[in-house]
Amino acid sequence: MHVGSDTAAPRSILASDGGNVSSFHLGLHCNFAAGQHLCYDAGVSSSVRKAVFPVAGLGTRFLPATKAQPKEMLPLVDKPIIQYGVEEAVAAGIANIILVTGRGKNAIEDHFDVSVELETFLEARGKREQLAQIRKISNMINFAYVRQGEPLGLGHAVLVARELVGQEPFAVILGDDVIDADPPAIKQLMAVFEQVGGPVLAVERVPRDEISSYGVIALDPGAQLGEGVHRVRDLVEKPSKGEAPSDLAIIGRYILTPDIFPALAATKSDRTGEIQLTNGLRELLKTRPIFACEIKGVRHDTGNKLGFLKAVVYFALKRPDLADQFSAYLMSLGVSIPAGKR
């Protein structure tokens, strides 16, 4: 499947970078930072049409379950983790998905592909509801795939998608973070992007005891951008509790502009040999403003076992066909279920 491209005659912007001038085909947004003028011209591709899903990780936290299957295919009730993120992108109006994959990830590609044998079987057995679900998956959206080669960090995964993204704003969705929100989490970021015209990071307030597991932002106290929207003054990758500049942790949703790619290319690997997206964003912050949006919704980090189990219970209790019996089972174990969740 191919990722769509612009058909309209492109208009250009000029962005100064150390005396060099680059032309990008984007929509009208202007920002002024560090003496540089960044202006996105009107009416071409200011909308976010593509989402990058980095899925090349090895999933070692879930061994041995992930020895022969991708962690992204572990089910939350009856849908794999990654499908929740793809459905979020679809609900936000994104038309193209770019999966950054690695070895052993073929099951993800197969999941979103047409399965003629399965469809024929279900049709012959009269299983129309299941057939409709299977066809919905393969007809959901356009997919493109690119191999990362080695899992060298989130920043490297985004950089690998450079040619498929092109010169337009794009989303990054980390499938581990499953977010139940209305409007969808990535749609909330898109709305802020339209307002501020620059990269937007999803953030969430996290207890100080857990802050060292996240990238953390420092706020510009002088920026008044509306409730839950902040201008970023600095970013720190996994600070200690005492060194964290705030309790606002970066979570797995981003709207980025194509100038992130040269910033990532200029970012040095950390002590583990990985290129971190947070460090790339810090490089980008030298040349343009970056913003953050506190997401309204319920997030589950399915990248660890406890978060995964919480997500299974949460989504099972939201299912009309399962909620009553599952609630009864949990209560038989002595688990208290709030009245609104039964």
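Modeller: Leu-333 sits in the segment that follows α11 (323-332). In this predicted model, Leu-333 has a relative accessible area of 53% and therefore counts as exposed, the cut-off being over 50%. Together with Tyr-329 and Val-335, Leu-333 makes a nonpolar surface patch of about 290 Å².

In soluble globular proteins, nonpolar side chains tend to be buried together. The interior can be described next. The largest nonpolar core contains 42 residues, and Phe-53, Ile-82 and Ile-255 have the most contacts inside it. At least two residues of this core come from each of β5 (50-54), α1, β8, β10 (170-173), α7 (185-196), β12, β15 and β16. The biggest contribution is that of α7, with seven residues. A second, separate core has 32 residues, including Ile-98, Val-100, Leu-174 and Leu-235.

The buried ones are Ile-81, Ile-82, Gln-83, Tyr-84, Gly-85, Val-86, Glu-88 and Ala-89.

Strand β8 (residues 96-101) includes Thr-101, whose relative accessibility of 1% makes it buried. Leaving out residues up to four places away in sequence, Thr-101 touches Val-55, Ala-56, Glu-109, Tyr-145, Val-146, Arg-147, Gln-148 and Gly-149.

Strand β16 (residues 291-294) pairs with two other strands. With β12 (residues 200-205) the pairing is parallel, over four bridges, and Val-200 has Phe-291 as its bridge partner. With β14 (residues 229-237) the pairing is antiparallel, over three bridges, and His-230 stands opposite Ala-292.

In the loop between β14 and β15 (248-256) lies Ser-240, which is partly exposed at 35% relative accessibility. Ser-240 is 28 residues from Ser-212 in sequence, yet their C-alpha atoms are 5.1 Å apart. Not counting residues up to four places away in sequence, Ser-240 touches Ile-211 and Ser-212.

Turning to charged pairs, the model has 17 salt bridges. Lys-105 and Glu-72 form one of them, at 2.9 Å from N to O. Lys-105 is in the loop between β8 and α2 (106-111) and Glu-72 in the loop between β5 and β6 (75-76), 33 residues apart. Both Lys-105 and Glu-72 are buried.

Asp-180 and Lys-318 form another, at 3.3 Å from N to O. Asp-180 belongs to strand β11 (residues 177-180) and Lys-318 to the loop between α10 (305-317) and α11, so this pair ties together parts 138 residues apart in sequence. Asp-180 is partly exposed at 26% relative accessible area, and Lys-318 is partly exposed at 46%.

A further salt bridge joins Arg-205 and Asp-247, at 2.7 Å from N to O. Arg-205 is in strand β12 and Asp-247 in the loop between β14 and β15, 42 residues apart. Arg-205 is partly exposed at 45% relative accessibility, as is Asp-247 with a relative accessible area of 24%. Finally, Arg-49, Lys-50 and Glu-168 are linked in a salt-bridge network.

Terms used. Residues are numbered from 1 along each chain as its sequence is written. This is a predicted model: local features need pLDDT of at least 70, side-chain atom pairs count only at pLDDT 80 or more; totals for chains, interfaces and linings use all residues. Side-chain values use heavy atoms; hydrogens and water are left out. Buried means under 20% relative accessible area, exposed over 50%, partly exposed in between (1.4 Å probe, protein chains only). Patches are made of residues with over 30% relative accessible area and no salt bridge: like charges are joined within 9 Å, nonpolar side chains (Val, Leu, Ile, Met, Phe, Trp, Tyr) within 5 Å. Accessible areas come from the Shrake-Rupley method with a 1.4 Å probe; for residues, only the protein chains shown count as cover. A salt bridge is a side-chain nitrogen of Lys or Arg within 4 Å of a carboxyl oxygen of Asp or Glu. Two strands pair if DSSP finds at least two bridges between them. Contact means heavy atoms within 4.5 Å. A nonpolar core is a set of buried Ala, Val, Leu, Ile, Met, Phe, Trp, Tyr and Cys residues joined through side-chain atoms within 4.5 Å.
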